[in-house]
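Here are some notes for a colleague who is reading a protein structure for the first time. Please keep the sequence and the model open while going through them.

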Amino acid sequence: MTPHIGQRISAQYGDLSAQEQRVAAFILDHFDDLAVYSAADLARLTGVSKSTVSRLFKRLGFESFQAVKRHARQLRSQGMPLVTDPEAVGANGERFKRHLEREQENLRRALASIEPQTFEAIVQGLDSARRVVLVGFRNGYPLAVHCRQQLIQARDDVSLAPQPNQSLAEDLVGLGEGDLVVLFGFRRRPRLFDALVDELVSMPCRLLLIADATAAGYAERVDWWLECPIDGVSAFDSYASAMSLISLLANGLLHQRLARGRARINAVSELYQGLDELAP
């Protein structure tokens, strides 16, 4: 992976001139909002000449400051939490308004992208599968955990892989024609993700991929693909659309097998009481 600008500065810091170090230190201290500055801003704020700023960026491997800004935006699109616009969140009530608007837009886009026939086929798959295996990494892991918690209310044989501090192979090696894997693949995926998709599509099981747009290249390789926009108004992504989709799938499954689902929910509730697990 190509080093990002912070890594490049750290590697070369001792070889920079005093003025270049001043600019470099400023960049490291303001890395999150680097994209909103101009070269003139950096020169003014650090008390150096514009030529010093330009010379620093060339030493770091960037042909121009525009290349630096493109680099910062690319980092953000890959999921690195950068504040690309300090004013984006707004203030007071405006902050909540912008957040709400972005969440609504993400959810609207997520639902608009789902064909009704595709959704029905996925629900049928969740219902008829011999077992359902949920796989998630990094930010996809809590989504996989929550999805399992929802689906297992309506059916049995729903598992999570990998278990904490365990490898995947033991959980995947026995997957067969009657099984369904739900894979969460949001950006900043681990290196093994591509190999994992290769392995899963070579198996007789069916594969549902739930991810953001950066995983679109996998869409043609899996049985079903559901896109969930996750862009927030500032540095951190929001997974509200993914959580809403999980709710939609779980409810769809319950209604698909309503009698059996209700019986299982009642049995679970009785066992809660028998074990005295939940507070009144």
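This is a predicted model: local features need pLDDT of at least 70, side-chain atom pairs count only at pLDDT 80 or more; totals for chains, interfaces and linings use all residues.

1. Residues are numbered from 1 along each chain as its sequence is written, and side-chain values use heavy atoms, with hydrogens and water left out.

2. The secondary structure of the protein comes to 12 helices and five strands (DSSP runs numbered from the N terminus, with H or I over at least four residues for helices and E over at least two for strands). Of the 280 residues, 42% are buried, where buried means under 20% relative accessible area, exposed over 50% and partly exposed in between, with a 1.4 Å probe and protein chains only.

3. Which residues does leucine 151 touch, leaving aside its neighbours within four places in sequence? Leucine 151 is in contact (heavy atoms within 4.5 Å) with Leu126, Val132, Leu134, Val158, Ala250 and Leu253.

4. Helix 7 has 13 residues and reaches 18 Å from its first C-alpha to its last, close to the 18 Å expected at 1.5 Å a residue, the expected span being 1.5 Å times one less than the number of residues. Its buried residues are Phe119, Ile122, Val123, Gly125, Leu126 and Asp127.

5. Helix 11 and helix 12 (residues 258–275) pack at an angle of about 110°, with their axes 5 Å apart; axes are lines fitted to C-alpha atoms, for helices over the stretch in contact, and angles run from 0 to 180 degrees between N-to-C directions. The two helices are therefore roughly perpendicular to each other (65 to 115 degrees, with under 35 roughly parallel, over 145 roughly antiparallel and the rest oblique).

6. Valine 145 lies in helix 8, and at 36% relative accessibility valine 145 counts as partly exposed. The C-alpha atoms of valine 145 and serine 159, 14 residues apart along the chain, are separated by 9.1 Å.
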